[in-house]
Amino acid sequence: MIAQTPANSLQERFLNDFTNQVIWQQGNDTQRLCCGLRFHPRHRDKTSAKVAEEMNKQLNDTFPPTNMPGTLGEVIKKIKERLGDTMQADGVPVDLLTGTRGRQRQHPDAKSPWEIIYEWLWEIEFPRQGWKLAQEMATYAIEELQMIELKNGDRDICLNVAKNPAMICKGKEYALQVDFPHQGDLLLINQGVSGKRYCLCPSLAFSLNTQIMPDKKLHIPGIKALANALQYMDMGNEYFLAILTENPVNLSWVHPESEPADILVTDERLQEIFQQVGRQWNAQVFYKKFEVV
């Protein structure tokens, strides 16, 4: 059996889970490889012939390109058998998944079966599972996310790390210090005691700067931010989820004309966030909880 690559990113974990669901772990190795490569975001713009070349390389020249249509057809058939009802409930035309190969000649712009599945997978299913999956695989950021107590409201002069790194005091003013040894762009969501979620970065109120650089700390809110501080009045746990992506995530509600206080992440906005994340690759996820006392 071909060893499955360990999930090192949020998207990779999702794709591994999808492959296991479609083609059970004791199933056909070639079909498992085909599924994992064909629906990989890095291969979105590659033809199936190019994917077949990659399969042949990984299978030590034992996979002739002529086998690709049949192998991909079997993968699509299993996807329809196991996930067809879910896809249909999401409005996917599942009747177009089998019975044809490639693009229909009479409709040159029509999507091929694998493209229909790909769009559903990353635009609907991944966003639906994204928040829960991110929480499950997020790494605890014990040092990377720290609350800094603000003194006299002057962030230029005094930045003191809270005495207890996982505890903050009700009513006190803080800035979140973000310090990752990786380069990337930050998307930061704060889930409050009430269960509501807020996007702190990117946001007009707390930080439009999303760039993370090694050995360069980012503070939220930043010195030039419209908000002065993070301040919590309800006792309980404040949960922070940090998603690091290779490129900035552009959110429709964050623009120069938007309301700075509009940082609430509704279910629709959460879907948009993970749609944007799913269009990239190699997103790393981290979390930390702070107890408000």
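Trainee: Where is R197 found?
Mentor: R197 sits in strand β7, residues 197–201. Strands here are DSSP E runs of at least two residues, numbered from the N terminus.

Trainee: What kind of model is this, and how are residues numbered?
Mentor: This is a predicted model, where local features need pLDDT of at least 70, side-chain atom pairs count only at pLDDT 80 or more, and totals for chains, interfaces and linings use all residues. Residues are numbered from 1 along each chain as its sequence is written, and side-chain values use heavy atoms, with hydrogens and water left out.

Trainee: Back to R197: buried or exposed?
Mentor: R197 is buried (under 20% relative accessible area, with exposed over 50% and partly exposed in between; 1.4 Å probe, protein chains only).

Trainee: What else does R197 touch?
Mentor: Not counting residues up to four places away in sequence, its contacts include W131, I189, I263 and L270. Contact means heavy atoms within 4.5 Å.

Trainee: New topic: where is K170?
Mentor: K170 is in the loop between β4 (167–168) and β5 (173–178). K170 is partly exposed, because its relative accessible area is 43%.

Trainee: How far apart are K170 and Y232?
Mentor: 62 residues in sequence, but 5.6 Å in space, C-alpha to C-alpha. Leaving aside neighbours within four places in sequence, K170 is in contact with Y232, M233, M235, V292 and V293.

How values were computed. Helices (H or I, at least four residues) and strands (E, at least two) are DSSP runs, numbered from the N terminus. Lys and Arg count as positive and Asp and Glu as negative; His and the chain ends are not counted. A salt bridge is a side-chain nitrogen of Lys or Arg within 4 Å of a carboxyl oxygen of Asp or Glu.
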